[in-house]
Amino acid sequence: MQNHILSIILFTPLVGAILLLFVPKESKDAIRWIANLVALAGFIVSLPLVPWFWVQRFEPGVKFVFEAGQWVQRPGMFKFVDGIPNTWIPSIGAGYLLGIDGISFLLIMLTTLLGWVSILSSWTAIQERVKEYYIWFLVLQTGMLGVFMALDFFLFFVFWEAMLVPMYLLIGIWGGPRKLYAAIKFFLYTLLGSVLMLLAILFLYFNHHSVTGVYTFCLTALYETAPKIPFQYAIWLFLAFFLGFAIKVPMFPFHTWLPDAHVEAPTAGSVILAGVLLKMGTYGFIRFALPFFPSVVMNSKVRGWMIGLSIVGIIYGALVSLMQKDMKKLVAYSSVSHLGFCTLGIFVLNSVGLSGSVLQQINHGISTGALFLIVGILYERRHTREIAEYGGISNVMPVYATITMIMFLSSMGLPLLNGFVGEFTILQGAFMENRLWAGLSVIGVILAAAYLLWLYQRVFFGTVTNPKNEKLTDLTPREVLTFVPLLIMAFWIGLYPKPFFQILEQPVNQIVQDVRGSEPNVMAKTPTHKSVDEITQTSPPAVEVPVAAKGKK
Amino acid sequence: MFFLDYIWLIPLLPAFGAAAMFFVGRKMQKSAVSAVCVGAVVVAFVWACGSVWQYTDWAARHGHEPFQQILYTWLGSDTGHLNYTTYNGTPARFQADAGFFLDPLSSVWLLFVTGVGMLIHIYSIGYMAHEGGYYRFFGYLNLFMFSMLTLILGNNYAVMFVGWEGVGLCSYLLIGFYFHRKSASDAANKAFIVNRIGDAGFLLGMFTIAWYCGSFRFTDVNALARSGHFQVGDPIITAATLCLFIGACGKSAQLPLYVWLPDAMEGPTPVSALIHAATMVTAGVYMVARSNALFVLAPTSMKTVAIVGALTAIFAASIGLVQNDIKRVLAYSTVSQLGYMFLALGVGAFAAGVFHVFTHAFFKALLFLGAGSVIHAMSGEQDMRNMGDLHGRTRVTHWTMFIATLAIAGIFPFAGFFSKDEILWQAWASEGGAYRLLWLIGIITAFMTAFYMFRLMFLTFHGQPRMGHEVEHHIHESPPSMTGPLVVLAIGSVLAGLLGVPHSLGGSNRLEKFLEPVFAREAHVLGAEHPAQLAAGAKEQEHTNPEEYLLMFLSLGLAVAGWGLAWRTYRHADKGYVEPLAAAVPPLYTVILNKYYVDEGYDYIFTGRRKLGPVRLGVMGLGEGSSWFDSRVIDGTVNGAGWITRLTAKLSILWDTWVIDGLGVNGTAIVARLLSYAAKLLQWGLVQWYALVMVLGLVGLLCAQLGLLLWFAVWIAATLFLGIVYLLAQRYLESRVRG
């Protein structure tokens, strides 16, 4: 069971989609029930992963290496590995190979949770082409899960591209007035990035062959050869990957597809888009760009540019967000700002920043996912997202106003809610590398309060001035149910994030060690100065070498 | 150790109250709401008293160490594998505990926050009795108590920050309690965002500390700071403390971040008393006092604190001189008094600053609650120009407020006298030279304080009644649930000063002694660097100093003078009375009445809410610029790229249809067809003709071989002629047959 849990999680939504094919399209409620049950099942089958992963969070995982003419497992990073390299399409060296570490584990749990939440939220919002909608949604779900699980580059790319199509259709068919523009922009923009990435992947693939004589897309095998590529080639490969991932994140200045896609997408599409799809970019950076090209990302110029773009994204996204007149666009630009924090955490390249970044990715999925649900609820009732159309909504929808307040606070990083933990950790990590980076990024924290509170004031406070808003009904139980898991997660991460940090500890340290390998190991370094612990004599004794590091050497 | 072992219950009890209101408050009776929420705070108060009592015992046995209790690891991981490197490359653990902490400093805060908080909760039962959203109000109040107590009891900077932001949130929620009013929600936003600016400073300060000291924990940081590991004047410590002080400026409403506090008066009056007078705004003082070990290592920061404090004190007091809204006067008075506290901290008199926080909590809470009682009696009227002669009908309110006024004005022997005098004396004695200027500012502020407070008293309770008949008819004393707390606080305002009676007046300065474990070592560090401050630290030996008595009499005299001036000016105030300043220097009066136009200036320059001519500056200006840049330049580039692609595609289509397909493909076909027409002429399908042509050809070839070109030509011509004739003949015959 444990050996194939990933495959089960991966294909549950797809099986559901196939099942839906056999339901007549007229019986809409049956389709809704089946889709919801499948999505819930998708979430439930992923739950056993939690205890299973938890007990081995500090254990070493495995990696595949090609030795003496065969593939063997060695201690490495990945757990719950399913499949063997090069066995799917042996002629080109592609394998059906799944596996996760702490980072992908968290993202997978986020995906299954948000998948369920967004399908639940579509119940009344989608009235046309119901069957196709749910089918595509479930296909999308499998595509996203595949991206986070694939340990084979070919498989990864298949999922990466495959998930574009359903998202394109979700925006293009069930979207708003400018849906075609948005859908095509989304598709072309993302495709542009992935084409260059494909070239880079092929380079790595042939490079691996020229070094070892083996054709393979197996990720762990490529991890061995790619970092040795000379800088003058590696920089171009990195840039190709960068473009692919930066568009997906999206990093400034590749972000303008995002507001359009969000504004036009149906609510559930926005939730998934912000909650999960954007994380593929950041995940790509962590999983591929960093370990493949350590010499490039450690290059101070490249790193400076990456950090610079992140910080510009943080402040710029917030500023643009402040001036939006459309609620959904406002939330979309706030995503640019929040994702700026995530990429900042990645490129500060230390354990604290990186774990903060992953945590913030989860947080952003929860908070911004909830924000899109929130906007969607008003939109469904009034069919407008103009801020000026609202005012005094707390008078008519008090429960809704309360939930919104909590989610806004979570999004702006109030302590004891999730957003704070991520931002704090990222800023701490950034500060340790460079004081200026943290100093500038903190501005984003201030602006976040400004644009969210101002939005809240204009929509919820005051008296109801627009007669159309007088009869708005408060949340239905189903709508409340969509928020419950998100609220629970928000408070959980805010109050007790330790489990998350522990899950991330091993992969994050491993990646930082891989990237900074040329430098003396941060963890194992013997303090040259008197350590803080010695001086204060209150904290427990000094640090040990992490398990992962032990396993690797 | 019963109370101390469960010290985490103190913040958690109000948290439970808030949670209860959140989930079921809507369905609860008002009495049930008050029972839960007020009950939670009462129990918290009892628990706090028990804890402090047990702590004093415990501390005596443990060398006056702080009592710590760690519940769990909050941020980071306790495995020891999630680390960062400090400034000198030492690995340090990224870990912040959810831990609580009790020492004399937090004890002081704990007692007055729970005590005053409890009284204000009781007061609110009466004050809010007729308001909507009763459960919401009490839920927020309890949430505030939770945050404030977390702030006080946290054992590290991160937990303190939880409370720090938490009180900011509650302040936001409570200022915006009457959210239908635009002014209220504006004020709420302003409070939160200005506080956020301070919080950003706090965050950076906290990071600097973690980077430099390798821990968030107060005990670690203080131990390191006191170990002599850092030099006095260390630039990083200076930066850290300055960042922290920015945080303190936000929370405690100091220049230039004070602007939110006067607007915060939009909230219900008990809120102003609890949050914006007695407790939350002293958080900055608490934080600086808590970080005293670091601050004394940074003389520049200390100087900044002192100067900002003194300037804020006199600046706010001057605005308070002419305000007409009873709550605004008190708000500016609060800002001004907070300035005193920072002045004390800045000159190294930490205990004096804390002492003033403590006494201020009583009399300022009392003043606000009294003002609330007045507003209650006046049916919501807050403008003092429409009050007057209330003393007869609101006796309790009048007398208790009078006591508070005596206390804040610094009249002997009320609480404010001792604490304010201690600060002024320390400012005088700590260092010579320019520091005397700070003292001068302080003493002028003392005079202003006395004046505006008695102005408030005379305008409200004396003079001629200036309200409308309807309002006058309804004037009544408030219910006992409101006057009760007033009386208790009045007793506090009289007695609180006795905790810190200086040696020069025959007291024993108990509070300072109690706080000694927190601050004592600082006097030493300071003294090593500044001999003058050593003198201040050792003032206990020289408490017979005649200077001290002289200064005491001077400040007392100025306070009485302020009282007298107010009495002369306002005791007979009737409808349409004229402010003497307005009569004397009208422009100055207008400027001060409009609060030096600071809000307007901020709106023009920093927020951009107002346009400067056609230009919008500030954050909103930047936002507009960014939006323009985004839609025009960045998205313009993207759409431009799309447009160019489409243009290329269109050109390609033209090329494709006209050149490739037209000229290339179809052109070839046309040429071929033309050629085929020519060829067709030769092919009309008669075998005999072909045979003839072949024969002719053969003959021709033969001729050519033989050099008979002429013959060849004749042959060709003859053949063509014959052929054409034959063809025409056949066509003619065919047409005949068909015809």
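Predicted model: local features only at pLDDT ≥ 70, side-chain atom pairs only at ≥ 80, totals over all residues.

Colleague: What is the phi of Asp389(B)?

Modeller: Most residues other than glycine have a negative phi, and most peptide bonds are trans. Asp389(B) has a positive phi, near 60°. Ala253(B) also has a positive phi, near 55°, and sits in the loop between H9 and H10 of chain B.

Colleague: Is Ala253(B) buried or exposed?

Modeller: We count other C-beta atoms, placed from the backbone, within 10 Å of a residue's own: 20 or more is buried, 12 or fewer is exposed, and in between is partly exposed. Ala253(B) is buried because 31 other C-beta atoms lie within 10 Å. Asp389(B) is partly exposed, with 17 such neighbours.

Colleague: And which peptide bonds are cis?

Modeller: Here are two. In chain A, the bond from Phe252(A) to Pro253(A) is cis, with omega near 0°, and Pro253(A) belongs to the loop between helix H10 (231-248) and helix H11 (257-264) of that chain. In chain B, Leu255(B) and Pro256(B) are joined by a cis bond with omega about -5°. Pro256(B) is in the loop between helix H9 (235-251) and helix H10 (260-263) of chain B.

Colleague: How should I read the overall form of each chain?

Modeller: Chain A has 24 helices and four strands. Its radius of gyration is 23 Å, close to the 24 Å that the rule gives for 553 residues, so chain A is as compact as a globular protein of that length. Chain B has 30 helices and four strands. For its 739 residues a compact globule would be near 27 Å, but chain B has 44 Å. The C-alpha trace of chain B spans about 155 × 70 × 55 Å along its principal axes, and that of chain A fills a box of roughly 75 × 60 × 40 Å. Buried residues make up 62% of chain A and 53% of chain B.

Colleague: How many residues of chain B are in contact with chain A?

Modeller: A contact means that two C-beta atoms, placed from the backbone, lie within 7 Å. By that test, 61 residues of chain B are in contact with 58 residues of chain A. H7(B) gives the largest share of chain B's side, 14 residues. That side divides into 27 nonpolar, 25 polar and nine charged residues. Nonpolar means Ala, Val, Leu, Ile, Met, Phe, Trp, Tyr, Cys and Pro, charged means Asp, Glu, Lys and Arg, and the others, Gly among them, are polar.

Colleague: What does Thr463(A) touch?

Modeller: Leaving aside neighbours within four places in sequence, Thr463(A) is in contact with Gly392(A), Asn395(A) and His180(B). Thr463(A) is in the loop between helix H20 (435-460) and helix H21 (477-495) of chain A, and it is exposed, with 11 other C-beta atoms within 10 Å.

Colleague: Last one: how do I read a pair of helices?

Modeller: Two packed helices are described by the angle between their axes and the distance between the axes. The axes are lines fitted to C-alpha atoms over the stretch in contact, and angles run from 0 to 180 degrees between N-to-C directions. In chain B, the axes of helix H29 (residues 687-706) and helix H30 (residues 709-738) come within 9 Å and cross at roughly 170°. That makes H29(B) roughly antiparallel to H30(B), a term for angles over 145 degrees. Their contact has 11 nonpolar, three polar and no charged residues. Among them are Trp689(B) and Leu692(B) of H29(B), and Trp711(B) and Phe712(B) of H30(B).

Terms used:
Residues numbered from 1 in each chain as written. Chains lettered and ligands numbered in written order. Helix = DSSP H or I, 4+ residues; strand = E, 2+ residues; numbered from the N terminus. Parallel < 35°, antiparallel > 145°, perpendicular 65-115°, else oblique. Rg over C-alpha atoms; globule rule 2.2 N^0.38 Å.
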